[in-house]
Amino acid sequence: MILPIDRKINDRTPYITYALIAINSIILLLISFAAKNEDHLISLYKTYGYVPDQFQAHSILTHMFMHGGGFHLVANMVFLGFFGLNVERRLGPLVYLIFYLLSGLTSLGLFLLMNPS
């Protein structure tokens with residue numbers, strides 16, 4: 001690529017980045033096809049997304065894989081692909097996955113600070 005940020009740091013294949021892009025994409029497709037109507041779609045987002053006044057323990061993890069539609073998913077996956085490939089190559093797959101999950105938890109914490117109710 002033209003940008004220096006895309007230089008290969010080593011020869012590791014970034015499997016975790018590829019897997020995260022696939023998982024996020026598949027989840028949006030499953031939700032889109034599983035929703036019978038708009039009320040059911042909202043119910044799915046309330047169940048798996050994080051809703052502060054309706055706490056569900058699993059949503060601490062599942063919210064990281066929820067997206068507000070196709071454009072939101074594509075924008076996030078382009079960003080993840082562009083930067084994640086090199087970050088994973090630099091950190092290694094396990095540390096990168098931990099970093100990804102901690103970033104998701106951090107974003108949840110910031111969301112709760114900004115939207116406590």
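Is Asn-115 buried, partly exposed or exposed? Asn-115 counts as partly exposed, because its relative accessibility is 34%, and the scale behind that word calls a residue buried under 20% relative accessible area, exposed over 50% and partly exposed in between, with a 1.4 Å probe and protein chains only. The model is a predicted one, in which local features need pLDDT of at least 70 and side-chain atom pairs count only at pLDDT 80 or more, while totals for chains, interfaces and linings use all residues. Residues are numbered from 1 along each chain as its sequence is written, and side-chain values use heavy atoms, with hydrogens and water left out.

We can begin with the whole protein. Its secondary structure consists of five helices and zero strands, where helices (H or I, at least four residues) and strands (E, at least two) are DSSP runs numbered from the N terminus. Read from the N terminus on, the order of the elements is α-α-α-α-α. The C-alpha trace spans about 45 × 30 × 20 Å along its principal axes, and of the 117 residues of the protein, 26% count as buried. The accessible surface comes to about 8000 Å², and 71% of this surface belongs to carbon and sulfur atoms; such areas come from the Shrake-Rupley method with a 1.4 Å probe, and for residues only the protein chains shown count as cover. Among contacts (heavy atoms within 4.5 Å) between residues at least 6 apart in sequence, 66% join residues at least 24 apart.

Next comes the interior. In soluble globular proteins, nonpolar side chains tend to be buried together. A nonpolar core is a set of buried Ala, Val, Leu, Ile, Met, Phe, Trp, Tyr and Cys residues joined through side-chain atoms within 4.5 Å, and the largest one here has nine residues, namely Leu-20, Leu-28, Met-64, Phe-65, Leu-73, Met-77, Leu-80, Tyr-96 and Tyr-100. Helix H1 (15-34), helix H4 (70-91) and helix H5 (93-114) are the elements that give two or more residues to this core, and H4 gives the most, with three residues. Phe-65, one of the core residues, touches Leu-20, Ile-23, Asn-24, Ile-27 and Tyr-100 when residues up to four places away in sequence are not counted.

Helix H5 can be followed along its length and around its axis. At 1.5 Å a residue, its 22 residues should span 32 Å, and the end C-alpha atoms are 31 Å apart, which agrees; the expected span is 1.5 Å times one less than the number of residues. Which residues of H5 are buried? They are Tyr-96, Tyr-100, Gly-104 and Leu-108. Seen down the axis of H5, these buried residues fall within an arc of 125 degrees, so they line one face of the helix, the arc being that of the directions from the helix axis to the C-beta atoms. What covers them includes H1, H3 and H4, whereas Leu-94, Leu-110 and Leu-113 are exposed on the other side of H5.

The aromatic rings give another view of the model. The structure holds four aromatic pairs, and rings of Phe, Tyr and Trp (its six-membered ring) pair if their centres lie within 6.5 Å, with planes under 30 degrees apart counted as stacked, over 60 as edge-to-face and the rest as tilted. Tyr-50 and Phe-55 form an edge-to-face pair, with 6.1 Å centre to centre and 70 degrees between the planes. Phe-82 and Phe-83 also form an edge-to-face pair, at 4.9 Å centre to centre and 90 degrees between the planes, and ring pairs link Phe-79, Phe-82 and Phe-83 into a cluster. Tyr-50 counts as buried because its relative accessibility is 16%, while Phe-82 counts as partly exposed at 29% and Phe-83 is partly exposed at 32%.

Ser-59 is found in helix H3 (residues 59-62), and it is buried because its relative accessible area is 2%.
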